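Me: I have a structure open and would like to learn how to read its features one at a time. Could you walk me through them?

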Amino acid sequence: MEQQKYNIGIVGAGIAGLSAALALLKAGHQVSVFEKAAELGEVGAGLQLSGNATRVLSSLGVLDEVQRAGFLPQGLKMLHWKTGRTIARFSQNSNVNVGDNPYIHIHRVDLHAILLAAVIEISPDCIFTDAEVVSVKNNEKTASIQFNNKAEKSFDWIVGADGIHSVVRPTAISITDASRFTGNVAWRGLIPISSLKERPEPLTHLVMGPGGHVVFYYVNGGDTLNYVAVVERSDWEKESWTEKGSVTEMLRDFDGWTVDVRRLLEKSNPAQSYRWALHDRDPLSTWSDGRCVILGDAAHPMLPFLAQGAAMGIEDAQALVYCLDTFSASDVGEEFFKLRGERTARVQLTARKNMKVFHERSSLVRFVRDKVLSVASVIYPEFMNKKLRWLYDYRLRD
Ligand SMILES: Cc1cc2nc3c(=O)[nH]c(=O)nc-3n(C[C@H](O)[C@H](O)[C@H](O)COP(=O)(O)OP(=O)(O)OC[C@H]3O[C@@H](n4cnc5c(N)ncnc54)[C@H](O)[C@@H]3O)c2cc1C
């Protein structure tokens, strides 16, 4: 039986929306993407893409380019927050030559540009900017999008990839879940390598301190260092990719931390320094209604303590195509959630748990945590990879 090909409207041209557009176009569906921003692009800084994400990017035919634009870390190094001494070193990318998918660090802008180019190559006119969606509604066997200029368009399916503040989620699927501010603010930014006296090792660096942590790694093929510096503070609650951050204020948040970290942070390019208040939401029990489906952050926003938000959006894209091509229209929504709901909920909750582990305030518990990590890294450098096999080795179908 010939598979049914649909006319699909996607709301949002972020990483999840473009991944979905690319996967759907490759499978022969007709796609239109509506983005409220006047210009396409990403802001912010780096992204870690673990093997589960790069496996899907490979199947979408863009992995070589992602690898060229990104950086392959050679390991994970954990440092003491106050003394800067190395606590543990674990392997990363040690098995790429024998078939593991690579763990890649990439600037968001680069990943976005690669996905966009691949989409446009297949369907040059499928993306519409300055197209703000105000609501989406189900009709019988179709769904329609209402735009802020009062225009309306109808599709066989509508995919809400419109991020944390999704309008598709409440208007089409009646989900009005509340977010909770976690009391954490993430400072994010880029440091030109040329501004540093010493080049950090080609590793992912993680520094866990009381009430905060810092991660830094290379992007732009190794020309730039990306950092995310998270600190617990309750005086500012705005979730936004574009809110500028002050380097001086960030440094105040890391008073008393090792000079190795502070020296890096003070080199942050002020024009590329942002801050983001971290909110948390519980996993949902459905992502669809009729002909409307949500994915990416619109469906499962998560804390960045496992570096998986974009990865889950990329996985969703592949799963959605599988469901549309495999199940009858009346079952697509349920089957999509069956495939994805449990996994993304586990990732959301693990990220939440990591917040406690990373920011432990008891010096005794921190001491024990660091000792265990230190011993584990000596005995078994693959420990972290092994612990996260359930996450990194995921395949949609075995
Ligand atoms: C500090 C930090 C670090 C992170 N690090 C990582 C990491 O290392 N690895 C990882 O995998 N993930 C990471 N994440 C998570 C990741 O960035 C997000 O999960 C991912 O970007 C979400 O993509 P998305 O396309 O679902 O949503 P978004 O990126 O929010 O895109 C939504 C798009 O929809 C558009 N839009 C919104 N509303 C409308 C509307 N009404 N009409 C039309 N268009 C609309 C927006 O303009 C936007 O372009 C991190 C997050 C944070 C905060």
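Me: Let's begin with charge: how far apart are the mean positions of the positive and negative charges of the protein?

Reply: Lys and Arg count as positive and Asp and Glu as negative, with His and the chain ends left out; each charge is placed at NZ of Lys, CZ of Arg, CG of Asp or CD of Glu. Here there are 45 positive and 46 negative charges, and their mean positions are 7 Å apart. Before we go on, note that this is a predicted model, where local features need pLDDT of at least 70, side-chain atom pairs count only at pLDDT 80 or more, and totals for chains, interfaces and linings use all residues. Residues are numbered from 1 along each chain as its sequence is written, and side-chain values use heavy atoms, without hydrogens and water.

Me: How many helices and strands does the protein have?

Reply: Both are DSSP runs numbered from the N terminus: helices are H or I with at least four residues, strands E with at least two. The protein has 12 helices and 18 strands.

Me: What does the radius of gyration say about the protein?

Reply: The radius is taken over C-alpha atoms, and the globule rule is 2.2 Å times the number of residues to the power 0.38. For 398 residues, a compact globule would come out near 21 Å, and the protein has 21 Å, so the two agree. Along the principal axes, its C-alpha trace spans about 65 × 45 × 40 Å.

Me: What share of the residues in the protein is buried?

Reply: Buried means under 20% relative accessible area, exposed over 50%, and partly exposed in between, using a 1.4 Å probe and protein chains only. Buried residues are 57% of the 398 in this protein.

Me: And which residues have the most contacts inside the largest nonpolar core?

Reply: A nonpolar core is a set of buried Ala, Val, Leu, Ile, Met, Phe, Trp, Tyr and Cys residues joined through side-chain atoms within 4.5 Å. The largest one has 74 residues, and I10 and L111 have the most contacts inside it. Another core lies apart from it, with 33 residues, including I87, Y103, V230 and L278.

Me: What is L111 in contact with, leaving aside its neighbours within four places in sequence?

Reply: Contact means heavy atoms within 4.5 Å. On that basis, and with those neighbours set aside, the partners of L111 are I15, L47, L49, L57, V66, I106 and I314. Across the protein, residues 24 or more positions apart account for 75% of the contacts with a separation of 6 or more.

Me: Where is A172 found, and what does A172 touch?

Reply: A172 is in helix α5 (residues 168-173), and it is buried, at 6% relative accessible area. Not counting residues up to four places away in sequence, A172 touches V136, N138, D289 and C292.

Me: Finally, the backbone: which residue has a positive phi of about 80° although it is not a glycine?

Reply: That is K150, placed in the loop between β9 (142-147) and β10 (152-155). K150 is exposed, with a relative accessible area of 76%. N220, also not a glycine, has a positive phi of about 50°. N220 sits in the loop between β14 (212-219) and β15 (224-232), and N220 is partly exposed at 27%.
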